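I opened a new page in the notebook today.

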Amino acid sequence: MSPAMQGALVLVVTLIVLLSGTPVAFGLGMLSIVFIVIFQGFDALHVVGETFFAGLNDFTLVSIPMFVMMGAAIGSSPAGKDLYEALDRWLYRLPGGLAISNLGACAIFAALTGSSPACCAAIGKMGIPEMRRRGYPDDVATGSICAGGTLGILIPPSITFILYGIATETSIGRLFLAGVLPGLLLTALFMLWTLFIIWKRGFRSHAADFRYTWKQKFQSIPKIAPFIAIIVGVMYALYGGLATPSEAAGVGAALCVLMALIIYRMWKPKDWWAILRDTTRESVMILMIIAAAVLFGYMLTSLYLTQTLAQAIAEANVNRWVLMGMINLFLLVCGFFIPPAAIILMTSPILFPIITAAGFDPVWFGVIMTINMEIGLIHPPVGLNIYIVNSIAPDVPVTRVMWGTIPYVICMFLAIVILCIFPEIATWLPNHMMGAKH
Amino acid sequence: MESFARAVRLLSQICGFVAAALIACGVVVVCEMVFVRFVLDENTIWQTDFVTYSLVAATFIGSPYVLLTRGHVNVDVLPHYLRARARFVLAIVATLVAMAFSFTMLVLAANYWHEAWAQRWLSNTMWRVRLWIPYASMPIGLGILSLQYVVDFLSLISGREAPFGIEKERPA
């Protein structure tokens, strides 16, 4: 069988197995074993155990559970509520200030936790009922939270970037820096749209004579400031070359847990277990997919499927922007069905040689890929954030939430277009801070 | 059958505690490593290996717990849109695929561990770890994962558990 036929067979069977509802990690693992046996025989199986273990035996991967623990410590505490209140007190005078403060809270919480669902759930739990209580339309209240939640995987530190960095051997520090300006751009686009729609519908967040005192405004800061200081410290250690991502994340995780204990008095074993349980569940799930994806990647490479595909695309002489459009479409479709971690780990090894051969910057592409994953998180019909928001506000019909997300999906498409026209938005900061080449 | 299922679930729960403890240990050791390297300005020997192997072990040993709590992500679009009967068949197929993986991987991992043990492999790092120790987490974790899958499969076919945990019938 030619590599092209083998590739088509692998693609079809992979899609069938994944759509069957088999856990992604075990489905990928089984497919790898089956295809290795079919195309290389039983003798080739002796490398499977070694490859599976080696997939995880990497100190860089240590950063994943550490960053997850940072997020879990903050997510399990009432920090989200305090952050939300703090921003509301400072931004309440703006028209649509509550929606804007929600988006701002999402952007900051995203930086703190690195997780989109956690961000969506934490800010949404306070934000959605409050916006609805103050008369905001349901579609704006739910749509803005869905969209704000997605910022979790773009604004550093982001697990998505760590996975992309590991899968493509791209500097994680560079990727983190590359996510900053696009993250702010996307936040600004979300805010602009929200301001526009709120202005068009004539809403104010508070009564015109309502005022927070300066004391009330400053009261809200001390609880949040230490967490933000830790994140800034972690970033400084990373970019200052003081520590590796794993070391910085490890110290950051310990400090975040310590702050949660001190500030929110989370002394009870139940609170400790909540942090450890969430960390274990998410880390094990991601790391298991990584081990399986490494095995899957090994199978693809040893059958020369990756190389054949990259060569075929290079020989087709397709215009690079048409190619980028096709890749975006492919990622978008994947994003409708498959979780971001799995897509990145499965597709990066295949796409990486193609995009570098076409002359695209891999760091810039990491950002584009992440925005595609963000779209998948809120795009109807299967965006994860839609269903998280639906569980927070079950009386809002899912279709209404979906309609609310559509303008934000358009904002994300716009961000991709802007980044294609001005790639410097992603590449300037890493090049400026870490030198021009990788 | 019920007592077997209870025993396996307890085992998976214990695996969750062990995995959480390993991750917590990892965080503490990373902090210690940073302290030794940056504050005491001394070299570190065992810490990098210890943290890496702890987290690898946490992944394998924590896997049955994550399965028990339905934490392994899957693409559940199709199950949500299928009728009860088709969803049941699909759940059996999905469980069998995953079970086949965990059993096959258990055999391969056990072989790999046995090689490391019989041939006294050592890591090529400064710590010179006996590799059968970290490798043991793979067959242990996958073994308990396989047992948890057997319990899940039996619960599914005996109707004790809804396919994919979806209780409701979709309206036509």
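My entries on this predicted model follow.

**Entry 1: salt bridges**

I looked up the total and found six salt bridges over all chains. I then went to Arg132(A), whose side chain meets that of Asp138(A) in a salt bridge with N to O at 3.0 Å. Arg132(A) also forms a salt bridge with Asp395(A), and there the closest N and O atoms are 2.8 Å apart. I noted where these two partners sit: Arg132(A) is in helix 7 (residues 116–133) of chain A, and Asp395(A) is in the loop between helix 19 (384–392) and helix 20 (398–421) of chain A. I wrote down Arg132(A), Asp138(A) and Asp395(A) as a linked network of salt bridges.

Are these residues buried or exposed? Asp395(A) is at 55% and counts as exposed, because the cut-off for exposed is over 50%.

**Entry 2: a bridge between chains**

Next I looked up Arg37(B) and Glu247(A), whose side chains meet in a salt bridge at 2.6 Å, N to O. This pair crosses between chains: Arg37(B) belongs to helix 1 (residues 2–39) of chain B, and Glu247(A) belongs to helix 13 (residues 245–264) of chain A. Arg37(B) is partly exposed at 30% relative accessibility. Glu247(A) has a relative accessible area of 2%, so I listed it as buried.

**Entry 3: two helices of chain B**

I stayed with helix 1 of chain B and checked how it meets helix 5 (residues 132–157) of chain B. The two axes come within 10 Å and cross at roughly 135°. The two helices are therefore oblique to each other. The crossing of helix 1 of chain B past helix 5 of chain B is left-handed. I listed some of the residues that make the contact, including Phe4(B), Val8(B) and Cys15(B) from helix 1 of chain B, and Ile144(B), Leu147(B) and Val151(B) from helix 5 of chain B. Sorted by class, the contact has nine nonpolar, three polar and one charged residues.

**Entry 4: Thr244(A)**

I found Thr244(A) in the loop between helix 12 (221–239) and helix 13 of chain A. At 33% relative accessibility, Thr244(A) counts as partly exposed. Which residues does Thr244(A) touch, not counting residues up to four places away in sequence? I found Phe59(A) and Leu238(A). I also checked Ile228(A), which is 16 residues from Thr244(A) along the chain; their C-alpha atoms are separated by 20 Å.

I started from a general point: most residues other than glycine have a negative phi, and most peptide bonds are trans. I then noted a cis peptide bond joining Pro156(A) and Pro157(A), with omega about -5°. Pro157(A) is in the loop between helix 8 (138–150) and helix 9 (159–168) of chain A.

Arg120(B) is not a glycine, yet I read a positive phi of about 50° for it. Arg120(B) lies in the loop between helix 4 (84–118) and helix 5 of chain B, and it is exposed at 70% relative accessible area. Phe164(B), also not a glycine, has a positive phi of about 55°. I placed Phe164(B) in the segment after helix 5 of chain B. Its relative accessible area is 18% and Phe164(B) is buried, because buried means under 20%.

How values were computed:
Residues are numbered from 1 along each chain as its sequence is written. Chains are lettered from A and ligands numbered from 1 in the order in which they are written. This is a predicted model: local features need pLDDT of at least 70, side-chain atom pairs count only at pLDDT 80 or more; totals for chains, interfaces and linings use all residues. Side-chain values use heavy atoms; hydrogens and water are left out. A salt bridge is a side-chain nitrogen of Lys or Arg within 4 Å of a carboxyl oxygen of Asp or Glu. Helices (H or I, at least four residues) and strands (E, at least two) are DSSP runs, numbered from the N terminus. Buried means under 20% relative accessible area, exposed over 50%, partly exposed in between (1.4 Å probe, protein chains only). Axes are lines fitted to C-alpha atoms, for helices over the stretch in contact, and angles run from 0 to 180 degrees between N-to-C directions. Angles under 35 degrees count as roughly parallel, over 145 as roughly antiparallel, 65 to 115 as roughly perpendicular and the rest as oblique. A crossing is left-handed if the near helix is turned anticlockwise from the far one by less than a right angle, and right-handed if clockwise. Contact means heavy atoms within 4.5 Å. Ala, Val, Leu, Ile, Met, Phe, Trp, Tyr, Cys and Pro count as nonpolar, Asp, Glu, Lys and Arg as charged, and the others, Gly among them, as polar.
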